[in-house]
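User: I am new to this structure and would like to learn how to read it. Could you walk me through its features one at a time?

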Amino acid sequence: MAEFIAQFGGIGLAFLGAALAVGLCCVGSAKGTGMVGEAATGVLSENPEHFSKCLILQVLPGTQGLYGLVIWFFALFTMGAFSGGIVDLSVTQGLTICVSCIPMAIGGWLSAIYQGRVAASAINVVAKKPDDWAKGIILCGIVEFYAILSLLASVLLLMNAL
């Protein structure tokens, strides 16, 4: 195992963390927005005038993918990718960057899926009581709070990584 890590060095570990952050967040967002889209199609087939409400609910689980992309940029910035060249990182430094990306990777992935479940359930509110659809947004916002905490944790860790 030590030989494998030494072969790729710190830069490989840092890229792994950045890739996990953006990849898992985007997978979670795709799953979450997909669930909401599936729920919305039933409502829209009978009440197409609710399209804008359904669309807003569908977009909410997609924010985690954007948060993962932000962490990806922060990680690449920390590695020096935007300042003329990637710096040679020790295994410890690369592992530090990798671990700094984990809160967003896991928090974004799971919160996007669970926010999608909440938003898909909120589509039922749109179908039955369209004037109360904003309550669904509030419920989705509670899940979003934990994605934001994951983003904050990764940003603060990356700011102090090297």
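User: Which helix gives the most to the nonpolar patch?

Analyst: Helix α5 does, with nine residues. This is a predicted model, so please read every value here as computed from that prediction. The patch covers about 1,100 Å² of surface and is made by V70, F74, I138, L139, I142, F145, Y146, L149, L152, L156 and M159. Two helices, α3 (63–79) and α5 (134–159), each supply at least two of its residues.

User: How should I read such a run of numbers within a helix?

Analyst: The general idea is that an α-helix has 3.6 residues a turn, so residues three or four places apart point the same way. Keep that in mind when you look at the patch members, including I138, I142, F145, L149, L152, L156 and M159.

User: Is L156 buried, partly exposed or exposed, and what decides it?

Analyst: L156, which is found in helix α5, has a relative accessible area of 44%. Buried means under 20% and exposed means over 50%, so L156 is partly exposed at its 44%.

User: Where do the buried nonpolar residues go?

Analyst: In soluble globular proteins, nonpolar side chains tend to be buried together. Here the largest nonpolar core has 19 residues, and I71, A75, M79 and I97 touch the most other members. The elements giving two or more residues to this core are α1 (2–46), α3, α4 (91–128) and α5. With five residues, α3 gives the most to this core.

User: What does the UniProt record say about the chain?

Analyst: An unreviewed UniProt entry places the feature "transmembrane region" at residues 66–87, 94–116 and 136–159. You can compare such spans with the model. Residues 66–87 are 64% helix and 0% strand, with end C-alpha atoms 26 Å apart. Residues 94–116 are 100% helix and 0% strand, and their end C-alpha atoms lie 33 Å apart.

User: Which residues does UniProt list for the domain?

Analyst: For "domain: V-ATPase proteolipid subunit C-like", the unreviewed entry lists residues 16–74 and 100–157. In the model, the span 16–74 is 88% helix and 0% strand, with its end C-alpha atoms 14 Å apart. The span 100–157 is 91% helix and 0% strand, and its end C-alpha atoms lie 5 Å apart.

User: How many salt bridges does a search of the whole structure find?

Analyst: Side chains of opposite charge can pair when their charged atoms come close. The search finds one salt bridge: the side chains of K135 and D132 meet at 3.9 Å, N to O. K135 counts as exposed at 52% relative accessibility, while D132 counts as partly exposed at 26%.

User: How does the whole chain look when I step back?

Analyst: The chain has five helices and zero strands, in the pattern α-α-α-α-α along the sequence. Its C-alpha atoms fill a box of roughly 60 × 30 × 25 Å, taken along the principal axes. Of the 162 residues, 41% count as buried.

Key:
Residues are numbered from 1 along each chain as its sequence is written. This is a predicted model: local features need pLDDT of at least 70, side-chain atom pairs count only at pLDDT 80 or more; totals for chains, interfaces and linings use all residues. Side-chain values use heavy atoms; hydrogens and water are left out. Patches are made of residues with over 30% relative accessible area and no salt bridge: like charges are joined within 9 Å, nonpolar side chains (Val, Leu, Ile, Met, Phe, Trp, Tyr) within 5 Å. Accessible areas come from the Shrake-Rupley method with a 1.4 Å probe; for residues, only the protein chains shown count as cover. A salt bridge is a side-chain nitrogen of Lys or Arg within 4 Å of a carboxyl oxygen of Asp or Glu. Helices (H or I, at least four residues) and strands (E, at least two) are DSSP runs, numbered from the N terminus. Buried means under 20% relative accessible area, exposed over 50%, partly exposed in between (1.4 Å probe, protein chains only). UniProt positions are given in the numbering used here, feature names are shortened, and annotations may be inferred rather than shown by experiment. A nonpolar core is a set of buried Ala, Val, Leu, Ile, Met, Phe, Trp, Tyr and Cys residues joined through side-chain atoms within 4.5 Å.
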